[in-house]
Amino acid sequence: MSYFLNMKTNYIISYDELGKNDVALVGGKNASLGEMANNLKSKGIQVPDGFATTAFAFQYFLQYNKLNQPLNDLFLKLDKKDFSNLSEIGEQARTLVRNAVIPTDLKQEIITAYKELCIKENREADVAVRSSATAEDLPTASFAGQHDSFLNINGNEDVVDAVHRCFVSLFNNRAIKYREDNGFEQMKVYLSAGVQLMVRSDLSSAGVIFTLEPESGFKNVIVISGVWGLGENIVQGAVTPDEFHVFKTTLQQNKNAIISKKLGTKAKTMVYSVTDKSSIVNTDTPEEKRKQWVLNDEEITQLARWSYTIEQHYKMPMDIEWAKDGITGKLFIVQARPETVHSKRDPYLKTEYIVKEKGTILTKGNAIGSGIASGKVRIIMSSADADKLQEGEVLVTDITNPDWDPILKKAAAIITNKGGRTSHAAIVAREVGAVAVVGTGDATEKIKDGDMVTVSCAQGKTGFVYEGRLNWTEQKLDFKNMTMPQTHPMMILGDPDKAYSYSFYPNKGIGLMRMEFIINSAIKIHPMALVNFGTLKDKEVVKHIEELTYQYADKKEYFIDKLAQAVGTIAAAFYPKDVIVRMSDFKTNEYANLIGGKEFEPEEENPMIGFRGASRYYNERYREGFKLECEAMKRVRNEMGLTNVKLMIPFCRTVEEGKKVVELMDTYGLKRGDNGLAIYVMAEIPSNVILAKEFSEVFDGFSIGSNDLTQLTLGLDRDSAIVSDLFDENNMAVKTMIATVIKTAKENGAKIGLCGQAPSDYPEFAQFLVEQGIDSISYNPDALLKGMENMVKAEQRLKSKV
């Protein structure tokens, strides 16, 4: 019979006897491990075996050494106004606990429990000894990194010593300050030490998982980060990890739910020291390993399934740590705790920040949050110099760790050289609501102490640090109480980095997703240069393409994969609402500016009405490039399972041309009607209006491109400053064209919408569209709310006339 079932005391308890309700007994971390060991192993989730010392054991330790009164007296002396004596009080408290002894009977119970683990493993087991405070990992407070953990511990005496050092860490300066900040009484929080079998991730990889997107709070995606070696490098922010996004809905449908993969630099690998196996060293990651993923797709999916199961079990978003054993190749979950930032926030209450002027960019990195702040720079390289940071200054440093926590709240913004979106600085910044740009690589070199800077995280996943104090606006938004018009308000979007955040805006989907933005920003290479990579003439172009596509033996796969991930991210963010993706609509001069483009593009006098849109797709000059676009869309719909993606053809001059393109798409595996695939056409040429009935027989609907339709109806070049004053969507000729195509579309059962700025700028234009019975109007995100307001007013006026 197990030793644990015959215990006469409550000082030690096995993980398989613990559950999530035992936080008061063994702290949040150990209670959670016990909960998973008890309830989730049967569902295939691997959790390393272990045991925990209890709160009773810690209380016994304090009483045995007569520490309660001296510690209590110490904390009465703590200056709670500015914590000026925190370091002194903390050091005295730790000295008292460090000089105390583990009672003999408690020591023996720890050793006996450790021996039982060794018997199970049939060897003298290496273990991790981790701190778990009895107020830890609550849904409202994370306590992340406040206490100490010790890895690769082996042998009776070393295990007991590690438990003792965990006890000491309850009185780390940062932990004392954190308890004060969160309203916990110092002497009513106890320390439980978890002793858990080591996972040899030093020989493989480890990382962190959030069961929501940690910047926006978008809950339908699982975000997995990973590095080579021990996971401490992620927590410390010492390296930029690989990052994978998995869409929960299609994961449950057994589709390929990996919608995004981003390769991190992973410059360092943390391993155990050769001379002292319980200490760790950070080594340079070999170049070839930096270019490799830390997980394959099967492992990413397995971890995502486990994370989803854990989240469903706990009924709340979770912050999870994983590790892969380099000896057995097995994956393990080594921690799971409630996510503590977005669980407290309402994602439908937002403050929208917009930078109102251009500035000189000093550096950029990962944006944490979506705010903007400015202040005087204070460069501090050690937490020992914390007193130099004044309230409202911008902290610039190399890297932070939990020792920095007491001072981070004073900073207007935080900028680091190192770290990713799951690093310590990022986690604390989210928790305290600070603006942060992490992983810049060069902040301490590019920014000078005393400089005035503006830190902006309002432009997507990339955060920018600008020289000087820039002007910006702030607008508080409450999306919950907004009136939704009957005419569908949709969005125009091209940037997948902003998709999760924008998904919380009131909308009926994406009416126009511009493929050109993704090709320009994420792919950068002309598709025909990838198709013909082996015969390219320009050696510099070949070199540049090789640098960007080194992970892809088949260069065409680079284009397909990057495009599919970007579209997949936006489609997942707005699922199950329609996301209408417009196939590429570059002009020849714009295509030529892509890497390798000049070799494949003709020079035209007037590219605006030249070789663009549908005419390119079936032409031998671009047919194979269009095939790559179709392959990417097929992957998004069929493999990822994102069938809310609909497709749209731009600048289609004739009905016959439309038929050619639809037939070509069919041969490429995108058959209109299959699996709900709708194919729309842009109504932006007078021929689309005049022959709208015929076009509606080829396509499922129209999207009015008001810019092109206005210039082609009025016969003017919208890029010409000389005639720009004549460009007007409100011109009666243009409005007649729009009214005609709406009427014809409705008569023939085809959907019709409009993409453009005019309905938000001009209430009378919105009124006109609503009166014509248009199905949807798509806006840029910054114009959406004003556009919706105009639509609601227009509908109310229309009702009042009836």
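This is a predicted model: local features need pLDDT of at least 70, side-chain atom pairs count only at pLDDT 80 or more; totals for chains, interfaces and linings use all residues.
**Entry 1**

I then picked one pair to look at in detail. E17 covers residues 394–397 and E18 covers residues 413–416; the two run parallel and 4 bridges join them. Which residue of E18 does Val396 face? Val396 stands opposite Ile415.

**Entry 2: salt bridges**

I ran a search over the whole structure and it came back with 40 salt bridges. The general idea is simple enough: side chains of opposite charge can pair when their charged atoms come close.

The partners come from distant parts of the chain, 24 residues apart. Asp242 sits in strand E8 (residues 242–247), while Lys266 is in the loop between strand E9 (258–262) and strand E10 (268–272). Buried or exposed, I asked of both? Asp242 is buried, and Lys266 is buried too.

Arg612 with Asp585: here the side chains meet at 2.8 Å, N to O. Why do I log Arg612 as buried? Its relative accessibility is 0%, so it counts as buried. Asp585 is at 4% relative accessibility and counts as buried as well.

Asp442 with Lys446: the closest N and O atoms of this salt bridge are 3.2 Å apart. Asp442 has a relative accessible area of 18%, so I log it as buried, the cut-off being under 20%. Lys446, with a relative accessible area of 45%, is partly exposed.

I also noted a network of salt bridges that links Glu557, Asp561, Arg635 and Glu639.

**Entry 3: helix H18**

Next I went through helix H18, residues 539–548. Which of its residues are buried? I have Val541, Val542 and Ile545 down as buried. Looking down the axis of H18, these buried residues fall within an arc of 100°, so they line one face of the helix.

What covers the buried residues of H18? The cover includes helix H17 (527–531). I also checked the start of H18, where a side-chain oxygen of Asp538 reaches to within 2.9 Å of the backbone nitrogen of Glu540.

- Which way does the peptide bond from Tyr575 to Pro576 go, cis or trans? I read it as cis, with omega near 5°. Pro576 lies in the loop between helix H19 (555–574) and E25.
- Asn152 has phi near 60°, a positive value in a residue other than glycine. I located Asn152 in strand E4 (residues 149–154). With a relative accessible area of 4%, Asn152 is buried.
- Lys524 has a positive phi too, near 75°, and Lys524 is a residue other than glycine. Lys524 is in the loop between helix H16 (515–523) and H17. With a relative accessible area of 38%, Lys524 is partly exposed.

**Entry 4: Met316**

Last item. I looked up Met316 and found it in the loop between helix H11 (297–314) and strand E12 (318–324). Its relative accessibility is 26%, so I have Met316 down as partly exposed. How far apart are Met316 and Glu339 in space? C-alpha to C-alpha they are 7.8 Å apart, with a separation of 23 residues in sequence.

Technical notes. Residues are numbered from 1 along each chain as its sequence is written. Side-chain values use heavy atoms; hydrogens and water are left out. Two strands pair if DSSP finds at least two bridges between them. A salt bridge is a side-chain nitrogen of Lys or Arg within 4 Å of a carboxyl oxygen of Asp or Glu. Buried means under 20% relative accessible area, exposed over 50%, partly exposed in between (1.4 Å probe, protein chains only). The arc is that of the directions from the helix axis to the C-beta atoms. Contact means heavy atoms within 4.5 Å. A polar contact is a pair of N or O atoms within 3.5 Å; within protein, one must be able to donate a hydrogen and the other to accept it, and residues adjacent in sequence count only if both atoms are side-chain atoms.
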